[in-house]
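Good morning, everyone, and thank you for making time for this. Let me put the sequence and the structure on the screen, and then I will walk you through them.

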Amino acid sequence: MALTHNFLLFCSLFPFFIIPSLSKTSFRPKALVLPVSKDASSLQYVTLMNQRTPLVPVKLTLDLGGQFQWVDCEEGYVSSSYKPVRCRSAQCALARSKSCVTECYSSPRPGCNNNTCAVLPDNTVTRTATSGEVGQDVVSIQSTDGSNPGRVVSVNKLIFACSGTRFLEGLASGVKGMAGFGRTKISLPSQFSAAFSFNRKFAICLTSAASNAKGVVFFGDGPYVLLPGIEASKFLIYTPLILNPVSTASGYFEGEPSSDYFIGVKSIKINGKAVPLNTSLLSIDKIQGTGGTKISTVNPYTVMETTIYKAVIATFVKELALVPRVASVAPFGACFNSTNIGSTRVGPPVPQIDLVLQSSKVFWRIFGANSMVQVKSDVMCLGFVDGGLNPRTSIVIGGYQLENNLLQFDLATSRLGFSSSLLFRQTTCANFNFTSNNV
């Protein structure tokens, strides 16, 4: 990158929230909507947002726990409305910036301006971070009534971070950055809710690559209507979101809380039978920030600490004893001959996996469609991955296990709503009607 640091300056702190400015319109949407699709090669979930002046479609990898949106400003970023965020400004404090670029040894351009505040964009796919200028620019997005997209609305000064082109390594083809949805004041959900004064909620409904169809992201409260006229939010079960006070990401300064979404898994059951676990691994260490269970759209499959993984595999194999095991296919450790495994509305009829939450009556049930991965014409594998001993997070619920599940994140009450498989409800995440009603 062309950014260089002469020295660091600390930004002043401001105890108020800056509302991103709206375009001049009297219309205030109750909710917004974005399409999201799965890239078959990278297994990343990708969305498209119109940004800059003139507007151009920008392809972004969805990062559920990401701190903020960051994009490549080094190559091809042209916009007459781009504004760098100056040192010691309120926006700088909102971004939790702790440093300023005092001199950039290049002609002024997006990503390279003097006396601007800087943050650390985090590529959570490659687990790397870099320094990047904080900027503001126009973003336009469609409103929704929950059933269809409506009129387009704009945020004139959305805060985001710049990166260099090389930082895109590991992202899906054509992607220009990452859309951060995490627990920060400048994540996309936080900025949209502040800009349009709607509820601090968002929901994701992801589809598989095999379906070759669009899933959907909602910003704001429901209804969330999927064809054929099914209001999916009525199926939600609720559990608290847990704040991890210590960040586990590479792009953070020491002492910052995590922007990831953690939930309180207390135990795991397979076919109703408890998996023998060291349950201390399921709690977050408040000093180190380790342990616990978080939700990720960046990890393609659920990742488990080794002892948890082995216990889950052993129990699952025992419950599926009548189906022959076959040689493992990386990255999976338990694979089966699928020739005689049938099919149901919710996928292969294999043992159900329950993530038990705040009580024995509250659990996230994982059916065969979300647990089994078809790796060959006659081979299926349990779609969980060994995360090794002593990982930062004991269980990371990955994208495959989220597909065709509606998840609503309520930032105001710190609560997660989850539907389990919508296939049971005779609909899918591909069933949002993206035909605009322009209301």
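Let me begin with a term: a contact here means heavy atoms within 4.5 Å. Among contacts in the protein between residues at least 6 apart in sequence, 72% join residues at least 24 apart. Before I go on, please keep in mind that this is a predicted model, in which local features need pLDDT of at least 70 and side-chain atom pairs count only at pLDDT 80 or more, while totals for chains, interfaces and linings use all residues. Residues are numbered from 1 along each chain as its sequence is written, and side-chain values use heavy atoms, with hydrogens and water left out.

Now to the overall picture. The protein has five helices and 32 strands, where helices (H or I, at least four residues) and strands (E, at least two) are DSSP runs numbered from the N terminus. Its radius of gyration is 22 Å, close to the 22 Å that the globule rule gives for 439 residues, so the protein is as compact as a globular protein of that length; the radius is taken over C-alpha atoms, and the rule is 2.2 Å times the number of residues to the power 0.38. Along the principal axes, the C-alpha atoms fill a box of roughly 65 × 50 × 40 Å. Of the 439 residues, 56% count as buried, and buried means under 20% relative accessible area, with exposed over 50% and partly exposed in between, using a 1.4 Å probe and protein chains only.

Let me turn to the strands, which pair if DSSP finds at least two bridges between them. Strand β17 (residues 237-242) pairs with strand β32 (residues 415-421) in the antiparallel sense over four bridges, and within that pairing Y238 has G417 as its bridge partner. Two bridges also join β17 to strand β18 (residues 261-263), again antiparallel, with L241 standing opposite I263.

Elsewhere, four strands form an open sheet in the order β20-β19-β25-β26, with antiparallel pairing. The edge strands, each pairing on one side only, are β20 (273-274) and β26 (363-366). Between β19 (residues 267-270) and β20 there are two bridges, and I270 has K273 as its bridge partner. Helix α3 (residues 306-319) lies across β19, β20 and β25 (353-356), running at about 20 degrees to β19; the axes are lines fitted to C-alpha atoms, for helices over the stretch in contact, and angles run from 0 to 180 degrees between N-to-C directions.

How many disulfides does the model hold? Taking a disulfide as a pair of cysteine sulfur atoms within 2.5 Å, the count comes to five. One of them joins C73 to C162, with an S to S distance of 2.1 Å, and it links distant parts of the chain, since C73 sits in the loop between β4 (70-72) and β5 (83-84) and C162 in strand β11 (residues 149-163), 89 residues apart. The torsion about that S-S bond is about -70 degrees, so the disulfide is left-handed. C73 is buried, with a relative accessible area of 3%, and C162 is buried at 0%.

Another disulfide is formed by C335 and C381, whose sulfur atoms are 2.0 Å apart. C335 lies in strand β24 (residues 335-337) and C381 in strand β28 (residues 379-382), so the pair ties together parts that are 46 residues apart in sequence. Its torsion is about 100 degrees, so this disulfide is right-handed, and both C335 and C381 are buried.
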